[in-house]
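Hi,

Here is the structure I promised to pass on. Have a look at it first, then read my notes below.

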Amino acid sequence: MDPTTDNAAPTGDPAAARAALEALRAEIAKAVVGQDPAVTGLVVALLCRGHVLLEGVPGVAKTLLIRSLAAALELDTKRVQFTPDLMPSDVTGSLVYDARTAEFSFQPGPVFTNLLLADEINRTPPKTQSSLLEAMEERQVTVDGTPRALPDPFLVAATQNPVEYEGTYPLPEAQLDRFLLKLTIPLPSRQDEIDVLTRHADGFDPRDLRAAGVRPVATAADLEAARRAVAATTVSPEITAYVVDICRATRESPSLTLGVSPRGATALLATARAWAWLTGRDYVIPDDVKALALPTLRHRIQLRPEAEMEGVTADSVITAVLSHVPVPR
């Protein structure tokens, strides 16, 4: 890399960057039908330098969603199918002996990409799951004592099947907390499903996004300009206190054994800030916090067994908390 570019002043128009990121929805819709909330969540995660847990039954286009996002952002993407016999080195990379040079050289694993789809992350043992922790938190991988930086931007989108848990290794709370958002991918509505089948009948091939018309509409430079604009978005003391009150209220809920941690409060403030900027404001309002509360907090709380048996869900607890915590004026 040219050292002069490393020290160059950042460029990029925030307004143009917002318009480019808004265009992502329309571009991804050429391949994926009816998943606007998931697209928005992924964009928010990219703006906050966070990672996403995608939960949905098989066949609801989770893989296609990530591939379409990468194509529309002109980013590199890789997919890893997590299985019980997957080793940490299969994800991070390993040293390989080169007979020609009589030396060991590093062979990068699939984690060296911009968008990593970790498919069915709960089907691999904890040792391999934890191999992603350093990559997710530190943006680097250490092999044989040598740290190796990952590309920027870097996002892990890990999927889980919410139906079949036999033979799985549920993610521990500490690792779940590393994910910025948990997005649920629902089954499509009747009309959306008709649209999906119509596209396939007309020759749509999910493996050929270019033929589907998906083109790059934003770049890494747009994303960097957007991140700087999000960092400049104003947060009033009243909004900060509101976020704290919401998170503290979850710790006092009789339905929970585990409430939202301070890291969760920080995450909610960050996602609300990104959402405020995406919607065209340079300041955060309570509705921004409410809009991102469910995807940001639902995986950071733990239900009591008796509450779960009564049909209480994480989303219903957070919704109840939002209705009771006073909203700043």
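**What I found**

The lining of the largest cavity is made up of 4 nonpolar, 2 polar and 2 charged residues (nonpolar covers Ala, Val, Leu, Ile, Met, Phe, Trp, Tyr, Cys and Pro; charged covers Asp, Glu, Lys and Arg; the others, Gly among them, are polar). This is a predicted model, where local features need pLDDT of at least 70 and side-chain atom pairs count only at pLDDT 80 or more, while totals for chains, interfaces and linings use all residues. Residues are numbered from 1 along each chain as its sequence is written, and side-chain values use heavy atoms, without hydrogens and water.

Which residues line that cavity? They are Arg-25, Ile-28, Ala-29, Val-32, Gly-34, Gln-35, Asp-36 and Val-39.

Now for the rings. Searching the whole structure gives 2 aromatic pairs (ring centres of Phe, Tyr or Trp, using its six-membered ring, within 6.5 Å; planes under 30 degrees apart are stacked, over 60 edge-to-face, the rest tilted). Phe-106 and Phe-112 have ring centres 5.7 Å apart and planes at 70°, so this pair is edge-to-face. Are these two buried or exposed? Both Phe-106 and Phe-112 are buried (under 20% relative accessible area; exposed is over 50%, partly exposed in between, with a 1.4 Å probe and protein chains only).

Arg-304, at 32% relative accessibility, is partly exposed.

Cheers

Conventions. On a 1 Å grid over the protein atoms alone, a cavity is a set of points where a 1.4 Å probe fits but cannot get out, and a pocket is an open set with protein on both sides within 12 Å along at least five of seven lines; lining residues have an atom within 4 Å of a point.
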